Amino acid sequence: MGGLDIAGRYHFIGIGGAGMSVVAELLASRGARVSGSDRADSPVLERLRGLGVTVFVGHDAAHVPADAVVVVSTAIRESNPELAAARGRGQRVVHRSEALALAATGMRFVGVAGAHGKTTTSGMLAVALRSAGADPSVAVGGTVPQFGSGAHLGTGDVFVAEADESDGSFLNYSPSVEIVTNVEPDHLDRYGSREAFEAVFAEFAARLVPGGTLVACAEDPGAARLASHARGRGITTITYGRPGHCSVLPDAVVEDVDSTASGSTARVVWDGQEAVLRLAVAGEHNVLNATAALLAGAVLGVGLPEMAAGLASFTGTARRFEERGRVGSRRLFDDYAHHPTEVAAALRQARVVAGGGGVTVVFQPHLYSRTRIFAGRFAEALAAADHVVVTDVYAAREDPEPGVDSTLIASALPGSLHVPDMHEAARTGAGLVDDGGILITMGAGSITSCGADVLECWRRGEAQ
């Protein structure tokens with residue numbers, strides 16, 4: 001990996017982030033000397049300390065070992081004192097994707113990409129492969145219960161990882177297998193147009209090693225175009241989907257889909273074989289995610305029956321319609337959805353899970369640019385809920401934009417409420433939930449921390 005040494009020293013700036021902590025854990029597991037810092041303490045940092053990683057709270061130039069390769073994500077700004085010190089000393093600075101590729105040295109790399117569904121699909125594949133005895137190494141941007149984290153150093157020769165298109169860093173990988181769940185335009189602040197967004201996925205497909213395989217969802221127009229392009233370049237490609245939802249008959253046909261509050265079932269027919277999926281997670285989108293994992297496992301040499309059996313044991317990943325608690329007949333869920341398509345899918349799943357109960361959403365928009373570009377579509381997707389409370393934008397890596405805030409969404413959704421403070425928004429949402437209803441804290445930012453506010457409101461109401 002361009003001179004990177006698996007036994008070298010690495011310092012992660014922002015080590016507590018989901019993607020960063022996973023890579024740090026994997027490199028430490030493979031014998032690297034790892035340190036890192038983050039702006040605040042967290043359970044993630046505590047876990048890393050327990051694994052022997054040196055962790056600092058707060059950013060300070062003194063934290064950076066002079067002989068370390070410094071690992072950053074796109075979220076780290078050049079003004080960060082640790083990054084500035086490393087630059088000043090002429091230290092090597094690499095993106096987390098390069099460090100992840102190093103951690104996967106010598107393994108068959110499976111890159112799971114797409115604007116939506118990466119975490120769930122990579123988690124499904126990892127769990128199913130482990131169930132089948134393959135014991136893969138894993139780098140997933142959310143906690144997978146079977147592994148206890150998003151990282152796992154396995155004994156097998158397969159490495160399953162999310163491949164992030166947001167900053168183009170997935171072009172640092174050379175996968176043996178690629179899954180593309182969809183190529184729906186996102187991150188248009190970077191790419192500017194649908195055509196540019198699709199072009200970077202074509203570059204990703206070209207990164208496959210000779211003889212590699214692309215697995216793509218034919219229900220998504222962008223992924224279908226990618227599959228056609230890849231075939232035209234001689235890349236082995238497997239498409240999947242429900243025939244009525246595809247413009248061209250897919251290679252793997254998904255039929256008899258049924259989703260209930262307790263899970264989903266479907267039948268997949270591919271290459272003269274048939275597999276029945278019995279999933280513990282609800283939602284038609286999860287049937288498609290599981291189909292992608294099923295096919296990727298088959299490409300890696302695991303039989304369809306074994307993959308299907310392993311997929312049955314998958315119980316979800318953190319923040320993907322994750323149940324966080326209940327008081328009486330009211331239930332709280334948390335979901336990472338931060339794109340209109342993800343919001344719509346989560347609310348379809350919510351309707352199934354809620355049965356006849358009401359659905360309330362406390363939504364935190366993620367990024368000013370995404371809020372500006374998709375405000376109208378967010379309003380359309382959120383309209384599927386009975387009650388919607390919109391709180392302030394989670395800025396993440398961005399600076400505020402004049403005239404852009406969460407009222408762009410709330411004003412386009414009649415009946416919704418705009419409550420700037422996320423904790424107050426959570427309490428407001430809690431008061432809108434009737435017996436038998438569910439509330440979802442939704443967004444890719446800090447809204448996940450507000451579940452305690454909801455549960456406390458409900459407990460107080462029960463005690464009165």
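Author: Helices (H or I, at least four residues) and strands (E, at least two) are DSSP runs numbered from the N terminus. This is a predicted model, in which local features need pLDDT of at least 70 and side-chain atom pairs count only at pLDDT 80 or more, while totals for chains, interfaces and linings use all residues. Residues are numbered from 1 along each chain as its sequence is written, and side-chain values use heavy atoms, with hydrogens and water left out.

Reader: What does UniProt list for residues 10-104?

Author: The unreviewed UniProt entry gives this range as "domain: Mur ligase N-terminal catalytic". Such annotations may be inferred rather than shown by experiment.

Reader: Which residues does UniProt list under "binding site"?

Author: The unreviewed entry names G114, A115, H116, G117, K118, T119 and T120.

Reader: Where is the place of G117, and with which residues is G117 in contact?

Author: G117 is in the loop that runs between β6 (108-113) and α5 (118-131). Contact means heavy atoms within 4.5 Å. Once neighbours within four places in sequence are set aside, G117 is in contact with T181 and N289.

Reader: Why is G117 classed as partly exposed?

Author: Buried means under 20% relative accessible area, exposed over 50%, and partly exposed in between (1.4 Å probe, protein chains only). G117 is partly exposed because its relative accessible area is 23%.

Reader: Is T119 buried or exposed?

Author: T119, found in helix α5, has a relative accessible area of 4% and is therefore buried. With neighbours within four places in sequence left aside, the contacts of T119 are V140, G141, G142, E162, T317 and R320.

Reader: Which domains does the domain assignment give for the protein?

Author: Domain bounds come from an automatic or database domain assignment. For this protein the assignment gives domain 1 (9-94), domain 2 (106-313) and domain 3 (322-463).

Reader: How far apart do the C-alpha centres of domain 2 and domain 3 lie?

Author: The C-alpha centres of domain 2 and domain 3 are 28 Å apart. The contact between this pair takes 15 residues from domain 2 and 14 residues from domain 3.
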